[in-house]
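Hello,

Here is the structure I promised to pass on. Have a look at it first, and my notes follow below.

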Amino acid sequence: MTGTTTEPGSSLPGSGAGNGPVAITAPRGGEPRVGDGTANGTIRLTQYAHGGGCACKIPPGELEAIVSGLIGRPDDAFSPAGELLVGLDDGDDAAVIRIESGRAVVATADFFTPVVDDPYDWGRIAATNALSDVYAVGGEPLVAVNLLGWPRDTLPMELVSEVLRGGLDVARAAGCHVAGGHSVDDPEPKYGMAVTGLADPARLLRIDGGRAGLPISLTKPLGIGVLNTRHKSTGEVFPQAVAAMTTLNRDAARAALAAGAGCATDVTGFGLLGHLYKLARASGVTAVVETAAVPYLEGAREAVRDGYVSGGTRRNLAWVEPHLDPGHCGAAELLLLADAQTSGGLLVVGEVPGAPVIGELVARDGAALRLR
């Protein structure tokens, strides 16, 4: 992959760029073998992972079953230091705890396997995605620590420096400290961050704050997942997808708060339909999507047409289908709307300057999601 300094639409500085697929050096376990993530003398990181990006998440239905027993457990002996404002109940993007002096602490963690072959770009994407959870609840990131898994006997350690450099550059662009982290020897490469931020407890963006009669805005186009799947399969590079994934959601979140919004979520591994379903369910409303208004990255429709659809996207669609009135929406459009995004945009209940309005919330009437 050929890196660029400042990609169109990116909010990152031109402090460095990826150098493309990295030339092979001998790792501790011996020479890399062609067919094991190498091609034409280069290492393709995406070939060392069973999935890619947020498409490798545990399916939403399975995840909710796992955490269901952890929600609302009473414990008289538990005496926390602050009031938990946002937790597990509705699947918000980050935890929020009220502390003294009228402030709130935001805490989140996110990591995943390579979604692109360029290690520097992967680091940027993973960090942007992790920071997004803080922005999605209306916070500002303060400090992050790295989370790294690396197959040290399979892949050169030189690549790790590029991954971490990418993450550091993004954090610096966001005004967020990076202070250490944790690493493990892992059969698959994984990278991300645990991020702590601050927020105003009176001005949070919550997933359960939607109200009937309000519009829905989407701050990034869809199609990241299918383009990443095509990249993993063919090695073809999609700069428009990298630009979208490395654009911080900071400005969108600030604009949403300035416009008085109180409800939002980011669009990541569960796709637009999955995350919008969670928002509608938590808010007790029906979300109506005007499919013609939904923006897509160039090449996304062609990728679906050619069959580059991840298993995670198909699982997303299967999960929401019982709660979905598809109207006259065709199969390809449904897959795009369920496409597992990595470092996607914000779904904001309200109007955000510069972002298209893709639908509205209405009083709950049958299905939680309706397409038209």
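I99 is partly exposed, with a relative accessible area of 36% (buried is under 20%, exposed over 50%, partly exposed in between; 1.4 Å probe, protein chains only). I99 lies in strand β5 (residues 95-99), strands being DSSP runs of E with at least two residues and helices runs of H or I with at least four, numbered from the N terminus.

Please keep in mind that this is a predicted model: local features need pLDDT of at least 70, side-chain atom pairs count only at pLDDT 80 or more, and totals for chains, interfaces and linings use all residues. Residues are numbered from 1 along each chain as its sequence is written, and side-chain values use heavy atoms, without hydrogens and water.

Beyond its neighbours within four places in sequence, L272 is in contact with L218, L222, V267, L337, D339, L347 and I358 (contact: heavy atoms within 4.5 Å).

There is also some strand pairing to look at (at least two DSSP bridges between two strands). Strand β7 (residues 140-150) runs antiparallel to β9 (residues 190-199), with nine bridges, and V143 stands opposite T196 of β9. With β8 (residues 177-185), β7 runs parallel through seven bridges; there, N146 has G181 as its bridge partner.

Best wishes
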